[in-house]
Amino acid sequence: HRALVVRPPAAEELDLVEQFYAQQLTAFRSNPPEARELLGPQFEVSSSPATTSTSPDSATTAIRELSESERERLAEVAAWTATARAMFAIDEVQSRE
């Protein structure tokens with residue numbers, strides 16, 4: 001917050017940011033595909049290789065179930081990303097000269 005608006009956050013502002021992050025985290029925990037969409041295909045949850053399967057009807061497709069810790073990391077990074085985007089969008093940041 002301080003880096004964006006050059007002042008410490010008021011208690012109310014900090015509460016709002018914390019609430020927003022918590023809401024986003026809950027949403028992304030319940031919907032990993034949405035988190036993946038926000039972060040894009042270049043985001044790697046882990047260094048584990050994908051399991052591939054080949055079907056005669058399609059090209060090789062990368063399929064891998066995420067572990068619980070990977071799903072949590074995905075949700076956390078997506079929630080922080082959404083929170084940062086929201087903070088960059090506040091009027092005080094947009095009008096700073």
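Guide: Let's start with the overall layout and then zoom in on helix 2 and helix 3. Keep in mind that this is a predicted model. The protein has five helices and two strands, and from the N terminus they come in the order α-α-α-β-β-α-α. Of its 97 residues, 23% are buried.

Now for the close-up. Helix 2 covers residues 11-30 and helix 3 covers residues 32-39; their axes come within 5 Å and cross at roughly 110°. Angles of 65 to 115 degrees count as roughly perpendicular, so helix 2 is roughly perpendicular to helix 3. On the helix 2 side, Phe28, Arg29 and Ser30 make the contact, and helix 3 answers with Pro32, Glu34, Ala35 and Leu38. Sort those residues by type and you get four nonpolar, one polar and two charged.

Along with Leu74, Phe28 has the most contacts inside the largest nonpolar core, a set of 13 residues. Helix 2, helix 3 and helix 4 (68-88) each put in at least two residues, with helix 4 giving the largest share, five. In soluble globular proteins, nonpolar side chains tend to be buried together.

Across the protein, 62% of the contacts with a separation of 6 or more link residues 24 or more positions apart.

Key
Residues numbered from 1 in each chain as written. Predicted model: local features only at pLDDT ≥ 70, side-chain atom pairs only at ≥ 80, totals over all residues. Heavy atoms only, no water. Axes fitted to C-alpha atoms, helices over the stretch in contact; angles between N-to-C directions. Helix = DSSP H or I, 4+ residues; strand = E, 2+ residues; numbered from the N terminus. Parallel < 35°, antiparallel > 145°, perpendicular 65-115°, else oblique. Contact = heavy atoms within 4.5 Å. Nonpolar A, V, L, I, M, F, W, Y, C, P; charged D, E, K, R; others polar. Buried < 20%, exposed > 50% of the residue type's maximum accessible area, 1.4 Å probe, protein only. Core = buried A, V, L, I, M, F, W, Y, C linked by side-chain atoms within 4.5 Å.
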